[in-house]
Amino acid sequence: IQDNEIIEWVNQKLTSKDDRISSFQDGKLNDGIIVAKVVDGIKPGIVNWDNLSKDGSELERTKNARYALGLARKIGAGVYALPEDIVEVKPKMMLTIFACLMVRDLSARNITGKGEQNNHA
């Protein structure tokens, strides 16, 4: 899997075009809200949006990132990143966060049979 395939998957999980990212260095990633939105795209309704702040301060962005990572773990993604990795937008760590979420999403869809249909023509 290439980086651009993961970015494409992330953007498919986001409902707003304004949230879409162009890379794992995208400044939009620095508050954890995009990660929470991707988690919500995988498991709708899991995010308590009242727990997220758009304040922009480093403290609030760190709290958001901590919450988003907790949600990712709660749905079964094997995420080992730290909130600081999100706040500082560390590209390799952002890649691993989204890759873990992607694996969790795709494996869950395969287990439940909700994955895409294969055309055997």
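This is a predicted model: local features need pLDDT of at least 70, side-chain atom pairs count only at pLDDT 80 or more; totals for chains, interfaces and linings use all residues.
## How α2 and α3 pack

Let's start with two helices: α2 covers residues 33-42 and α3 covers residues 58-74. Their axes sit 8 Å apart, at an angle of about 25°. Angles under 35 degrees count as roughly parallel, so that's what we call α2 and α3. As for handedness, their crossing is left-handed.

Who does the touching? On the α2 side you'll find Ile33, Val35, Ala36 and Val39, and they meet Asn64, Ala68, Leu71 and Ala72 of α3. Sorted by class, this contact has seven nonpolar residues, one polar residue and no charged ones.

## The nonpolar core

Now for the largest nonpolar core, which has 35 residues. The ones with the most contacts inside it are Val10, Val35, Val38, Met94, Ile97, Phe98 and Leu101.

Leu101 is a handy one to click on. Setting aside neighbours within four places in sequence, Leu101 is in contact with Trp9, Val35, Val38, Val39, Ile42, Ala72, Ile75 and Ala77.

## Asp19 in its loop

Finally, have a look at the loop between α1 (3-13) and α2, where Asp19 is found. Is Asp19 buried or exposed? The cut-off for buried is under 20% relative accessible area, and Asp19 comes in at 13%, so this residue counts as buried.

What does Asp19 touch, if you skip residues up to four places away in sequence? Its contacts are Leu14, Lys28, Ile34 and Lys37.

Key. Residues are numbered from 1 along each chain as its sequence is written. Side-chain values use heavy atoms; hydrogens and water are left out. Axes are lines fitted to C-alpha atoms, for helices over the stretch in contact, and angles run from 0 to 180 degrees between N-to-C directions. Helices (H or I, at least four residues) and strands (E, at least two) are DSSP runs, numbered from the N terminus. Angles under 35 degrees count as roughly parallel, over 145 as roughly antiparallel, 65 to 115 as roughly perpendicular and the rest as oblique. A crossing is left-handed if the near helix is turned anticlockwise from the far one by less than a right angle, and right-handed if clockwise. Contact means heavy atoms within 4.5 Å. Ala, Val, Leu, Ile, Met, Phe, Trp, Tyr, Cys and Pro count as nonpolar, Asp, Glu, Lys and Arg as charged, and the others, Gly among them, as polar. Buried means under 20% relative accessible area, exposed over 50%, partly exposed in between (1.4 Å probe, protein chains only). A nonpolar core is a set of buried Ala, Val, Leu, Ile, Met, Phe, Trp, Tyr and Cys residues joined through side-chain atoms within 4.5 Å.
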